[in-house]
Amino acid sequence: MTLTSPADIPAHEPHSDKTSRRSAALQERLPVWGLLALAMAAFVTLLTEVMPAGLLPQMSASLGVSESMTGQLITVYAAGSLLTAIPLMTVTQRLRRRPLLLVAIGGFAVVNTVTAISDNYTLTLVARFFAGVSGGLVWALLAGYAARMAPPHLAGRAIAITGIGAPLAFSLGVPAGAFVGGLAGWRFAFGIMSVLAVILIGWVLARVPDFPGQPAGKQLSTAQVFMLPGIRPILFVMFAFVVAHNILYTYIAPFLAPVGLAEQVDAILLVFGLSSLIGLWIAGVLIDRWLRALVLTSIAVFAAAVLALGLLGASPMIIYVAIAVWGLVFGGAPTLFQTASAKTAGKAADVAQAMIVTGWNLAIAGGSVIGGVLLGTIGAAYLPWAMLAALVPTLIVAWAARRHGFPSAGQE
């Protein structure tokens, strides 16, 4: 019988190696179920915002106001986000992140329930304003939250996963809401939104980790975040890009009418929506290595599609192809800007994201106003040229932001 000393027994080393390999493997994984919970939060947020658009006649008749007045339920939601996103994210920097997210999601459960049972237009307006407050909070939290949940080198992909909720809300949620509203009434549709919010609270508690807020004395003011190197170029590029988008997207029907495609608006928007989902997937795959290249390519390809619409917009085939390309680059755009902002702002990412939310909504309004003025004065044929006028400086600023804002992979 041979005696073996403990030092000769290699049992601990293989176990240690196995543990190390398992730990390394876990670090390479994304917490997909937690990120999908954040995507669901985006879905609930956006669907709550735009649901009245698909239910306008029913809501108008029920509340006893005109359809144009009912449309203000979307406007007041946007106002709630615009007015409160930056102040709320600034004053809540010290709070733990998950309770803050849960409060925002719980807000949707409350305000959608109030909307579902209210017979008073003014009360419904107030509920919609506070829905916008909740929406601004959720949007401001999502990108920074996703980045903190993922390994640093996969932060962009994590943000892309959370971004799935928005295009799904547009492509599936709004038609489904309109169908349910027509079948069982608009109040039932809003009631379902409240139930989804309650389910989402449980999902977040089960799958989304908590993170601390900023320690006392280390919070940055809004002005300080705005002055961080790279933040202003990101905000400008995002703003001008979205302005260009909304100049034509808002008025796509009158643009298509002269070429006989007015009856195909739904089909064309479906093409745009499906292309957007593909664009989001492409961004999610490439963003962590090629953020700068994706941003520059998106702007340049968007400009090329717009140029095709301006020069060759009399051809239905060109219109379909150009709008598919437009949707492709626009689908990944929110993820690109959110990721650039989160990486640039670092621990102040939530405040920077609140600026993205505010700027995005202002750009939607600005693009709609510019498009409306041009449509009423010189006609829809000139809308693509106004878009190009916005995209040229966008590309210049993005190209110049090579050190801060949109750096190449080796400089991040």
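Gly213 is buried in this predicted model, because its relative accessibility is 19% and buried means under 20% relative accessible area. The residue belongs to the loop between α9 (186-207) and α10 (222-226). Leaving aside residues up to four places away in sequence, Gly213 touches Gln93, Arg94, Leu95, Arg96 and Arg97.

**The chain as a whole**

Across the chain, among contacts with a separation of 6 or more, 85% are between residues 24 or more positions apart. The secondary structure consists of 16 helices and 0 strands.

The C-alpha trace spans about 95 × 50 × 45 Å along its principal axes. The radius of gyration is 23 Å, which agrees with the value near 22 Å that a compact globule of 412 residues would have. Of the 412 residues, 49% are buried. The chain exposes about 18,600 Å², and 71% of this area is supplied by carbon and sulfur atoms. As for charge, there are 21 positive and 13 negative side chains, and the centres of these two sets lie 9 Å apart.

**Aromatic pairs**

The whole structure contains 13 aromatic pairs. Two of them are set out below.

| Pair | Centre to centre | Angle between planes | Arrangement |
|---|---|---|---|
| Phe129 and Phe130 | 5.6 Å | 90° | edge-to-face |
| Phe330 and Trp360 | 6.0 Å | 50° | tilted |

Are the residues of these pairs buried or partly exposed? Phe129 counts as partly exposed because its relative accessibility is 25%, and Phe130 is likewise partly exposed, with a relative accessible area of 45%. Phe330 and Trp360, by contrast, are both buried.

The edge-to-face label for Phe129 and Phe130 follows from the 90° between their planes, since planes over 60 degrees apart count as edge-to-face. The planes of Phe330 and Trp360 are at 50°, so that pair is tilted. Phe330 lies in helix α14 (residues 316-345) and Trp360 in helix α15 (residues 349-377), so their pairing ties together parts that are 30 residues apart in sequence.

Phe330 and Trp360 also belong to one aromatic cluster, whose other members are Phe241, Tyr249, Phe272, Phe302, Trp326 and Phe337.

Note on methods. Residues are numbered from 1 along each chain as its sequence is written. This is a predicted model: local features need pLDDT of at least 70, side-chain atom pairs count only at pLDDT 80 or more; totals for chains, interfaces and linings use all residues. Side-chain values use heavy atoms; hydrogens and water are left out. Helices (H or I, at least four residues) and strands (E, at least two) are DSSP runs, numbered from the N terminus. The radius of gyration is taken over C-alpha atoms; the globule rule is 2.2 Å times the number of residues to the power 0.38. Buried means under 20% relative accessible area, exposed over 50%, partly exposed in between (1.4 Å probe, protein chains only). Contact means heavy atoms within 4.5 Å. Accessible areas come from the Shrake-Rupley method with a 1.4 Å probe; for residues, only the protein chains shown count as cover. Lys and Arg count as positive and Asp and Glu as negative; His and the chain ends are not counted. The place of a charge is taken as NZ of Lys, CZ of Arg, CG of Asp or CD of Glu. Rings of Phe, Tyr and Trp (its six-membered ring) pair if their centres lie within 6.5 Å; planes under 30 degrees apart count as stacked, over 60 as edge-to-face and the rest as tilted.
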